[in-house]
Amino acid sequence: MTNATDARFMAAALALGARGLGQTWQNPSVGCVIVKDGRVVGRGQAGKGGRPHAEVQALAMAGKAAAGATAYVTLEPCAHTGKTPPCAEALIAARVARVVTPLMDPDPRVAGRGIEMLRAAGIDVAVGALADAARRAHRGFLLSRTEGRPSLTLKLASSFDGRIATATGESRWITGQDARRLVHAERLRHDVVLVGGGTARADDPDLSVRNMGPVSQPVRAVASRHLNLPTNSRLLGSVDKGPVWAIADAAKGSIAPETRASWERQGAKILAAPAGPGGQLDPLGILQALGAQGITRVFCEGGGALAASFLQAGLVDELVGFTAGIAIGAEGQPAVGALGLEQLASAPRFRLISAQQIGADVVHRWERSGS
């Protein structure tokens, strides 16, 4: 059982790691806190791209005070030599007395070896503190190592009756300024912001993070089987802001050569995914194509058809709803496309994590049941 002290300092380490979400792919956003005699002597979070590692930064801050201290690390310290030496070796060299970590790293290069190295060196290792919170924080990295795909957060901003636009397509703005600012913060916390081809054609979004100060932009991506999208779009016209990717049908001849050439000439990267039985891009294939690039966290902003495909496939790990106090009516455009359900028992179900008022709207977060 986790004691109160371990829970408190692990929560602090998780908060540190959360600062790097969206900035560390293809590595996890780890946080580390080093504590001696009840006082924090070192803090660290994974740097951009995951390096330097959190443990190395915390040990550098702690200096000689690390000897005999306890290190709280939000994921098992690495045990392999990559671009940097193993963090387990760094903790051993610093002579820490104890390491507390919530989870083992499923990466086959680690997978318990870090814990074994620490214990072999005489360091006490405790596993399990705030494990559920850590699994949620590292969900994208864990899925990338166990299922070969990133985690998927689906964002739905809608009226009280679940509409995202009027019958004529008017949608700006259903939710208020405070809610829209939070959407930009969510974009920043993810590696990729993704929309479907229909949304790209209808709304012409650029999907960038705005009004958040100088930040590194996430990858902005569109999933379109034939890539039949305007080449003078705001998205393609803003490649200088940050990477623009397209996920299209892998089958030969699915994309017109001149279309591919135009996208690539403007600086976009084109990824290949298979088409599913219904003729649209396979939702798992979309995520696997992104995962192959090292992506661990995807923020999907619709539209309805893409949202429905991910929901049908059971691939939505977190659902974030922004609900406004406005009713549009049945003639409005629904937030989610057809799911083909005949029984409630077949409907995708989610567990409420939190709900709060933001400006004039409500934001509610849900986690896939059983995740």
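This is a predicted model: local features need pLDDT of at least 70, side-chain atom pairs count only at pLDDT 80 or more; totals for chains, interfaces and linings use all residues.
The largest pocket has a volume of about 1,100 Å³. Its lining comprises 38 residues, of which Lys155, Ser171, Trp173, Asp203 and Glu301 are the closest to the pocket centre. Several secondary-structure elements each supply at least two residues of this lining: strand 6 (151-158), strand 7 (163-165), helix 7 (177-188), helix 8 (197-203) and strand 14 (333-334). Helix 7 gives the most, contributing 8 residues. When the lining of the largest pocket is divided by class, 15 residues are nonpolar, 12 are polar and 11 are charged.

Arginine 180 lies over the face of tryptophan 173, at a distance of 4.4 Å from the ring centre.

Aromatic pairing was examined across the whole structure, and 2 aromatic pairs were found. In one of them, phenylalanine 9 and tyrosine 72 adopt a tilted arrangement, with 5.5 Å from centre to centre and 40 degrees between the planes. Phenylalanine 9 belongs to helix 1 (residues 4-18) and tyrosine 72 to strand 3 (residues 70-73), so this pair ties together parts that are 63 residues apart in sequence. Phenylalanine 9 is buried, its relative accessible area being 6%. Tyrosine 72 likewise counts as buried, at 3% relative accessibility, because the category covers residues under 20% relative accessible area.

The rings of tryptophan 25 and tryptophan 245 also form a pair; their centres are 6.2 Å apart and their planes stand at 90 degrees, so the geometry is edge-to-face. This pair links distant parts of the chain, 220 residues apart: tryptophan 25 is located in the loop between helix 1 and strand 1 (31-36), and tryptophan 245 in strand 10 (residues 244-249). The two partners fall into separate accessibility categories. Tryptophan 25 counts as partly exposed, at 29% relative accessibility, whereas tryptophan 245 is buried, with a relative accessible area of 6%.

A charge over a ring also occurs at the tilted pair. Arginine 8 lies over the face of phenylalanine 9, at 4.4 Å from the ring centre. The ring of phenylalanine 9 is thus described by two arrangements, one with tyrosine 72 as its aromatic partner and one with arginine 8 over its face.

Note on methods. Residues are numbered from 1 along each chain as its sequence is written. Side-chain values use heavy atoms; hydrogens and water are left out. On a 1 Å grid over the protein atoms alone, a cavity is a set of points where a 1.4 Å probe fits but cannot get out, and a pocket is an open set with protein on both sides within 12 Å along at least five of seven lines; lining residues have an atom within 4 Å of a point. Grid points are joined across faces, edges and corners, and a volume is the space filled by probe spheres set on the points. Helices (H or I, at least four residues) and strands (E, at least two) are DSSP runs, numbered from the N terminus. Ala, Val, Leu, Ile, Met, Phe, Trp, Tyr, Cys and Pro count as nonpolar, Asp, Glu, Lys and Arg as charged, and the others, Gly among them, as polar. Rings of Phe, Tyr and Trp (its six-membered ring) pair if their centres lie within 6.5 Å; planes under 30 degrees apart count as stacked, over 60 as edge-to-face and the rest as tilted. Buried means under 20% relative accessible area, exposed over 50%, partly exposed in between (1.4 Å probe, protein chains only). A charge sits over a ring if NZ of Lys or CZ of Arg is within 6 Å of the ring centre and within 35 degrees of the ring normal.
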